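Here is a walk through one model, taken stretch by stretch. Keep the sequence beside the structure as you read.

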Amino acid sequence: MTAPTSPRIDQHPDIVALRAHSEETTATPVAQAVEALALLCGVYLAASAWIVGFSGSTTLAVNNLIVGVAFACLVSGFGPAYERTHAMSWAALALGAWTIVAPWIVSGHQFATRANVSNVIVGVVACLVALALAGMGLTRARR
């Protein structure tokens, strides 16, 4: 058996620089606030049917519960493992866009103003937060 002559892959200068950049990006107060807002957005979406009071519309309530939990789980990975998860912020954007249109697609022609307004507002916030999360990795590259 011979000893390896090159350093391990996790010691490669590019990997080390990527990790340092990710830590620098997520350590700012703005990034932490965006991550917290994203997590709260997902939790609110999951519980919105009971908070706003449209739990009688079971299809939309179940949809919001599933999408909210998925959104919260997705964005909760950005803080501790940003270098591996920042590309998934586009999936968070898709979940936010789905949240906006879901009342009309899932519930059919039912018109529940509270559900529609709640979903549109939380969907827009989710989209903005997802774009902010996606943009965090690009800000340093532009400088």
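Over residues 36–54 the chain is 95% helix and 0% strand. The end C-alpha atoms of that stretch are 26 Å apart. UniProt, in an unreviewed entry, lists residues 36–54 under "transmembrane region", along with 60–80, 87–106 and 118–138. UniProt positions follow the numbering used here, feature names are shortened, and annotations may be inferred rather than shown by experiment.

This is a predicted model, in which local features need pLDDT of at least 70, side-chain atom pairs count only at pLDDT 80 or more, and totals for chains, interfaces and linings use all residues. Residues are numbered from 1 along each chain as its sequence is written, and side-chain values use heavy atoms, with hydrogens and water left out.

Now the whole chain. The protein chain has 6 helices and 0 strands. Along the sequence the pattern reads α-α-α-α-α-α. Of its 143 residues, 38% count as buried. Buried means under 20% relative accessible area, exposed means over 50%, and partly exposed lies in between (1.4 Å probe, protein chains only).

Start with α2. This helix covers residues 29–53, 25 residues in total. From first C-alpha to last it reaches 34 Å, close to the 36 Å expected at 1.5 Å a residue. The expected span is 1.5 Å times one less than the number of residues. A kink of about 65 degrees is centred on A47. The bend at a residue is the angle between axes fitted to the seven residues ending there and the seven starting there. Buried positions in α2 include A31, V34, E35, A38, C41, G42, L45 and A49. An α-helix has 3.6 residues a turn, so residues three or four places apart point the same way.

L39 also sits in α2. L39 counts as partly exposed because its relative accessible area is 36%. Its C-alpha lies 5.0 Å from that of A72, 33 residues apart along the chain. V69, 30 residues from L39 in sequence, is 9.5 Å from L39, C-alpha to C-alpha. V69 belongs to helix α3 (residues 58–76). At 41% relative accessibility, V69 is partly exposed.

Move on to α5, residues 89–106. Its 18 residues should span 26 Å at 1.5 Å a residue, so the 24 Å between its end C-alpha atoms agrees. The helix bends by about 45 degrees at I100, and a proline, P103, follows within four residues. S89, A92, G96, T99, A102 and P103 are buried in α5. Just after α5, G108 takes a positive phi of about 70 degrees.

What lies on the surface? W90, V124, L128 and L131 form a nonpolar patch there, with about 400 Å² of accessible area together. Patches join residues with over 30% relative accessible area and no salt bridge: like charges within 9 Å, nonpolar side chains (Val, Leu, Ile, Met, Phe, Trp, Tyr) within 5 Å. A salt bridge puts a side-chain nitrogen of Lys or Arg within 4 Å of a carboxyl oxygen of Asp or Glu. Accessible areas come from the Shrake-Rupley method with a 1.4 Å probe; for residues, only the protein chains shown count as cover.

Helix α6 (residues 113–142) gives the most to this patch, with 3 residues. L131 is in α6, and is partly exposed at 42%. W90 is in α5. Its relative accessibility is 49%, so W90 counts as partly exposed. The C-alpha atoms of W90 and L133 are 9.0 Å apart, although 43 residues separate them along the chain.

Definitions and conventions:
Helix = DSSP H or I, 4+ residues; strand = E, 2+ residues; numbered from the N terminus.
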